[in-house]
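Please look over the model below.

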Amino acid sequence: MFSRSYLLTAVSATLALGTLLTACDSTDSDAGSFDPIYSMVTFEDTGITLAGPTSYGANLYSNYTGAKFTTGEVAVNPQGTKMQFGIAVSPYTGQREFYGGGMVLSQWNYRTTPPSQTPEDWWKTSQNQCSVYNLASTNGANRGAGANGSNTFAVINGCNQSKYNASLSDNCAEISFSNSAEFIVLAVQVCPTSYVYGNITEANPFGCATSLELADGYFCVNAYGYDAAGNPTNGGEPVTFYFCDYRTTTRPNVPYVTGWNTWTLEKLGKVNKIRFDFDGSDVGQWGLNTPTYACLDDFLIQLKY
């Protein structure tokens with residue numbers, strides 16, 4: 001079944017988001033003031049196929065012979081509105097392929113290479129692309145690594161490569177709401193993948209020869225909002241979360257993220273869709289060298305405003 005929680009103003013204590021929700025305890029409308037209604041969208045017990053059978057996620061590609069994941073949806077409110085997500089269609093195969101971008105569900109959390117795997121740096125390669133890097137969880141247990149100790153979380157992949165090379169396609173991950181619904185997504189929990197963490201804290205075999213800290217570099221994920229008519233919200237500007245930022249022009253620096261953090265998205269306003277892409281300092285001929293992945297969980301959505 002779909003996993004869902006419908007929260008009233010007491011959500012501020014439940015989610016420990018402090019001033020974010022304190023400011024939202026009441027909202028004015030044409031009919032007067034009222035308390036808003038919130039929904040916490042998690043990914044527990046949804047029945048949606050998880051990335052597998054290993055942390056590479058072979059079932060996220062069209063050539064897999066077993067049960068594949070392509071698209072999914074999770075209930076947002078009692079009226080039946082769904083949050084929808086899935087894997088992008090590849091222009092090369094015409095099929096849904098995770099290498100082309102998208103959002104999938106996972107429970108993997110390998111932060112080091114297990115004895116059964118080679119080479120030594122397996123944990124920070126694409127073969128482990130669906131693992132979350134959450135130091136608060138038990139390494140390799142593949143349980144309890146989601147936000148707030150949950151088991152299941154989302155992994156997004158995709159980068160606006162056209163920013164770096166106009167001949168490349170624009171592959172991004174996104175979520176949208178069914179029935180052209182528009183809501184305010186107040187916040188989401190965000191965490192790096194092991195693939196990302198290994199390639200920003202150590203040398204990237206396809207890019208930077210050292211860590212991003214030593215290179216005075218950065219890596220971030222952007223969220224762009226769109227209304228039901230497809231128009232950009234927030235003036236077309238994204239809301240950004242930095243997994244690290246060691247640029248000399250940025251003070252104070254943002255150290256490497258090693259667990260779940262609250263990413264406030266309220267500035268995007270009322271949205272029907274949010275698209276995610278990535279940016280960073282380790283850039284080559286074909287765009288970002290840093291793997292363009294992140295983990296998301298616990299979308300806090302304001303349903304009434």
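## Chain overview

Among contacts in the protein chain between residues at least 6 apart in sequence, 72% join residues at least 24 apart. The model is predicted. The protein chain holds three helices and 18 strands. It has 305 residues, and buried residues make up 52% of them. The accessible surface of the protein chain comes to about 13,300 Å². Carbon and sulfur atoms account for 48% of that surface.

Strand β6 spans residues 82–86. Why is β6 described as largely enclosed by the rest of the structure? Four of its five residues are buried, so the rest of the structure largely encloses this strand. The cut-off for buried here is under 20% relative accessible area.

| Strand paired with β6 | Residues | Sense | Bridges |
|---|---|---|---|
| β5 | 71–75 | antiparallel | five |
| β9 | 173–177 | antiparallel | two |

Gly72 stands opposite Phe85 in β6. On the β9 side, Gln84 has Ser176 as its bridge partner.

β5 and β6 also form a hairpin, with six residues between the strands. In this hairpin, Gly80 takes a positive phi near 95°.

In a regular strand, side chains alternate between the two faces of the sheet.

## Helix α3

Helix α3 covers residues 194–201. Is this helix mostly covered or mostly open? It is mostly covered, with seven of its eight residues buried. The buried residues are Ser194, Tyr195, Val196, Tyr197, Gly198, Asn199 and Ile200.

Which strands do the buried residues of α3 pack against? They pack against β11 (218–226), β12 (239–245) and β18 (293–302).

An α-helix has 3.6 residues a turn, so residues three or four places apart point the same way.

Conventions:
Residues numbered from 1 in each chain as written. Predicted model: local features only at pLDDT ≥ 70, side-chain atom pairs only at ≥ 80, totals over all residues. Heavy atoms only, no water. Buried < 20%, exposed > 50% of the residue type's maximum accessible area, 1.4 Å probe, protein only. Contact = heavy atoms within 4.5 Å. Pairing = 2+ DSSP bridges. Areas by Shrake-Rupley, 256 points an atom, 1.4 Å probe, with all protein chains shown as cover.
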